[in-house]
Amino acid sequence: MKDQTTADAVVEAGWQRVRDDGRVRPELLEAAYTEPRLRQLFPWTGMGELHFSRCTERRWTWDILYIQPGAGGTYWVSGPSRNETLGPVATAQDAIAMVLQHLPAGCGPAFVGTPEELASHEAAMQQTDEG
């Protein structure tokens, strides 16, 4: 695995790209970024949604809830898969709180690499812990 300084830089660059692309509401980005457990994950967007990945390269992980814009400034918290929805919330802070409640165990910081490389790394770490 790359060193933590490299991982931090890659994740920070991801946050900057999400800010620059303008598809996610600024208040949601600010609320997510100020939460340390989410700031250490790799952010990505799709259709105005804010997603969080445990790795930094595509296909990204799909095991963390994501946040969709709703009508009138509200939000929908969905996931981790496309066919699951937890429900509407009134504010960005409420959406972030819901995501935090459902973070997978041991989530973060983001791994520099693909989901497959992350899975291999986690399997190797589990063998080390058991050995």
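Tutor: Leaving aside neighbours within four places in sequence, S53 is in contact with L41, F42, W44, W60, T61, I64 and A110, where contact means heavy atoms within 4.5 Å. Before we go on: this is a predicted model, so local features need pLDDT of at least 70 and side-chain atom pairs count only at pLDDT 80 or more, while totals for chains, interfaces and linings use all residues. Residues are numbered from 1 along each chain as its sequence is written, and side-chain values use heavy atoms, with hydrogens and water left out.

Student: Why is S53 called buried?

Tutor: Buried means under 20% relative accessible area, exposed over 50%, and partly exposed in between (1.4 Å probe, protein chains only). S53 has a relative accessible area of 0%, so the label buried applies.

Student: What makes E49 and R82 a salt bridge?

Tutor: The rule asks for a side-chain nitrogen of Lys or Arg within 4 Å of a carboxyl oxygen of Asp or Glu. For E49 and R82 the closest N and O atoms are 2.8 Å apart. The pair links distant parts of the chain, with E49 in strand β2 and R82 in the loop between β4 and β5, 33 residues apart. By this rule the count comes to 6 salt bridges.

Student: Are the two partners, E49 and R82, buried or partly exposed?

Tutor: E49 is at 4% relative accessibility, so E49 counts as buried. R82 is at 44%, so R82 counts as partly exposed.

Student: What joins R54, D63 and E122 into one network?

Tutor: Take the pairs in turn. D63 forms a salt bridge with R54, the closest N and O atoms being 2.6 Å apart, and the side chains of E122 and R54 meet in another at 2.5 Å, N to O. E122 lies in helix α5 (residues 115-130) and R54 in the loop between β2 and β3, so this pair ties together parts that are 68 residues apart in sequence. Salt bridges that share partners join R54, D63 and E122 into one network.

Student: And why does R54 count as buried, but D63 as partly exposed?

Tutor: R54 is at 15% relative accessibility, so R54 counts as buried. D63 has 24%, so D63 is partly exposed.

Student: Last one: how do you know that β4 and β5 pair?

Tutor: Two strands pair if DSSP finds at least two bridges between them. Here 4 bridges join β4 (residues 75-78) to β5 (residues 85-89), and the strands run antiparallel. They form a hairpin with 6 residues between them, and G79 in the turn has a positive phi of about 105°.

How values were computed: Helix = DSSP H or I, 4+ residues; strand = E, 2+ residues; numbered from the N terminus.
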